[in-house]
Amino acid sequence: MSEQSSVTPVMQTEVHGHLHHHRKHSKIKPVLYAFLAFMLALVLFLLSVCAVLYCTVFSKSFMIRTMRSIDYYSMVREELESQMVSLVDAGGFDKDFAKEFVESYDIKRAVNDYIAAFYSGGNTLVDTSTFKRQLNDAINSYMNQHRLTANKHTKEHIAYFVDEATEIYVEQMSIPFFSAFANYITHTKTILNMLTVFLAASAVVLSAIIFFTNPFKHRRCRYLFIGVSGAFWAVLVIPVIALLSGKIGLVNIATHSLYQLFVSYFNGLFCYFFLCAGVLFVLSVILLLLYIKYYRRALGR
Amino acid sequence: MYNRHHSHRKTLFGKDILILPFVFCAVIYIICALVIIPSSSSWLSLASIFFSDHKKDFSAEYTNIFVPVEDESAPAAPSIKQESSTEQRKQQTVNLSGLTFPSYEDQFGELTIEDCQIKAKLFFGDSRLVLSNGVGIYSGSAIPGYGRTILVAGHNNTYFNGLKYARKGQIIRIRTNYGNYQYEITDLQIKDKNDRSAYELSAESESLVLYTCYPFDDPGLTPDRYFVYAKPVSGPVIDKTR
């Protein structure tokens with residue numbers, strides 16, 4: 001379009017027939033390049049989403065980093081302790097019994113094992129064997145210290161107590177929907193990897209078509225800029241709308257530790273979207289500067 | 001020369017270069033919406049379960065709305081044992097509209113059984129937070145004065161440990177933010193926790209049922225519950241029509 005407007009009235013008069021032919025072509029070309037630019041924008045947007053999912057939802061290290069950043073383990077420990085104290089109240093043990101037991105139990109290892117099982121696509125049922133064994137040991141030690149003898153009924157009551165404590169433990173360690181998604185995570189990750197490669201290749205091919213089929217450098221840069229900046233705005237919209245809506249903070253989750261994990265997890269995910277948007281923005285600025293440079297150079301000729 | 005220069009300047013940032021990125025962005029989201037729309041209703045209903053209108057409060061603190069009511073008309077304990085007619089109770093009423101109804105986990109009263117050395121904060125609800133701080137009314141039952149069954153839970157090793165000393169005829173006092181009540185213990189029973197005959201929540205008459213785990217002072221949890229039944233003696237009736 002800009003090439004048309006750069007033709008002077010004098011030139012129009014002199015080479016009218018040739019210009020008419022040129023105009024007929026120039027109506028299709030801009031539409032074609034605009035379409036290619038749109039496809040580039042769509043592919044870059046999908047590529048960004050895939051890249052973000054790969055680095056966050058499908059990344060075990062992202063989950064572990066998020067847990068570390070909010071000190072999830074300490075929160076789980078405090079909540080488990082608080083729940084155990086309440087159970088101990090009902091069970092007739094001293095309050096300190098619950099505190100000492102939870103203190104000695106390795107929450108971090110248990111949480112990390114649970115997360116590892118999820119990302120390996122394995123069994124996400126919380127392993128309660130260590131917890132039960134250590135709790136039984138702690139109860140036996142408590143009974144010995146307090147010189148309490150366990151008859152048949154007491155043993156049954158203690159077994160009931162251990163079962164209730166284990167239920168609390170499982171509830172505290174579990175992350176909602178993890179068991180539902182665990183079976184899909186490995187399979188989906190393979191598909192995501194293939195999709196990412198395909199989208200990356202498509203982006204390269206589309207850029208190459210726009211670049212090599214266009215004889216004018218400033219036009220190459222213009223259409224590439226339009227495509228990349230279109231993807232930039234599309235990627236930017238996701239975290240901006242999510243953060244402006246403030247919905248993440250209104251999530252209904254039973255425990256404080258899970259709430260903090262959920263909020264931090266999604267804030268981290270949105271940071272990755274911002275990062276992708278930032279990369280696309282830098283690319284857009286470079287292409288825009290190149291466009292201006294080549295446009296002025298063409299103008300100089 | 002001037003004309004050509006001017007013409008180029010006008011088109012350096014033409015409409016397409018400025019508008020097309022936004023158009024592309026919009027079209028991308030229209031495509032995404034078209035893909036999502038067929039399953040949008042299930043996603044939206046899922047979102048409505050996941051998100052609420054206000055931020056959840058995770059503080060381990062409870063709200064205390066209990067302000068003791070001075071009740072001059074309430075007679076002393078010994079005379080109450082002799083006069084416990086419903087006619088007498090009807091003389092004192094509390095309007096439902098003027099009552100500050102407790103929210104879940106609110107402390108709105110105090111329960112005392114002097115003979116059993118029990119004095120505990122009374123909450124609405126029976127969550128872990130409640131039972132760690134006092135005794136709680138099951139939220140599916142009624143509050144004192146409402147004319148229905150009042151089911152109160154407490155731990156047998158803490159606030160309701162004294163129930164092991166409960167005997168028929170003893171007086172249970174409940175002070176709330178809207179009135180003071182007295183109940184007389186009528187029965188004591190040990191039942192399984194799943195025994196539905198232990199209490200009737202749909203009963204049309206008021207009764208107080210206290211329960212805790214049984215046996216007392218035994219380590220571990222038990223499936224048996226110790227029930228203490230009491231009938232109302234004094235206290236204002238809640239007028240549900242006003």
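Buried means under 20% relative accessible area, exposed means over 50%, and partly exposed lies in between (1.4 Å probe, protein chains only). By that rule, both A:Phe118 and A:Tyr119 are buried. This is a predicted model, where local features need pLDDT of at least 70, side-chain atom pairs count only at pLDDT 80 or more, and totals for chains, interfaces and linings use all residues. Residues are numbered from 1 along each chain as its sequence is written, chains are lettered from A and ligands numbered from 1 in the order in which they are written, and side-chain values use heavy atoms, with hydrogens and water left out.

**Interface of chains A and B**

- The contact (heavy atoms within 4.5 Å) takes 56 residues from chain A and 42 residues from chain B.
- Buried area is the accessible area (1.4 Å probe) that two parts lose on being put together, summed over both. For chain B and chain A it is about 4,700 Å², with 67% on carbon and sulfur atoms.
- The rule finds eleven residue pairs in polar contact across this interface, both residues at pLDDT 80 or more. A polar contact is a pair of N or O atoms within 3.5 Å; within protein, one must be able to donate a hydrogen and the other to accept it, and residues adjacent in sequence count only if both atoms are side-chain atoms.
- On the side of chain B that touches chain A, the elements giving two or more residues are helices H1 (2-12), H2 (15-36), H3 (40-50) and H6 (128-133) of chain B. Helices (H or I, at least four residues) and strands (E, at least two) are DSSP runs, numbered from the N terminus.
- H2(B) gives the most to that side, with twelve residues.
- By class, that side of chain B has 21 nonpolar, 13 polar and eight charged residues. Ala, Val, Leu, Ile, Met, Phe, Trp, Tyr, Cys and Pro count as nonpolar, Asp, Glu, Lys and Arg as charged, and the others, Gly among them, as polar.
- Salt bridges between chain B and chain A number zero. A salt bridge is a side-chain nitrogen of Lys or Arg within 4 Å of a carboxyl oxygen of Asp or Glu.

**Backbone features**

- Most residues other than glycine have a negative phi, and most peptide bonds are trans.
- A:Phe177 has a positive phi near 70°. A:Phe177 sits in the loop between helix H9 (152-173) and helix H10 (178-212) of chain A, and is partly exposed at 43% relative accessibility.
- B:Glu105 also has a positive phi, of about 75°. The loop between strand E1 (93-95) and strand E2 (107-113) of chain B holds B:Glu105, which is partly exposed at 24%.
- The peptide bond from B:Tyr214 to B:Pro215 is cis, with omega near 5°. B:Pro215 lies in the loop between strand E8 (207-214) and strand E9 (224-234) of chain B.

**Aromatic pairs**

- Rings of Phe, Tyr and Trp (its six-membered ring) pair if their centres lie within 6.5 Å; planes under 30 degrees apart count as stacked, over 60 as edge-to-face and the rest as tilted. The count over all chains is 37 aromatic pairs.
- A:Phe118 and A:Tyr119 pair edge-to-face, at 4.9 Å centre to centre and 80° between the planes.
- B:Phe216 and B:Tyr226 are edge-to-face, at 5.3 Å and 75°. B:Phe216 is in the loop between E8 and E9 of chain B and B:Tyr226 in strand E9, so the pair ties together parts ten residues apart in sequence. Both residues, B:Phe216 and B:Tyr226, are buried.
- Ring pairs join A:Phe62, A:Phe262, A:Tyr265, A:Phe266, A:Phe270 and A:Tyr272 into a cluster.
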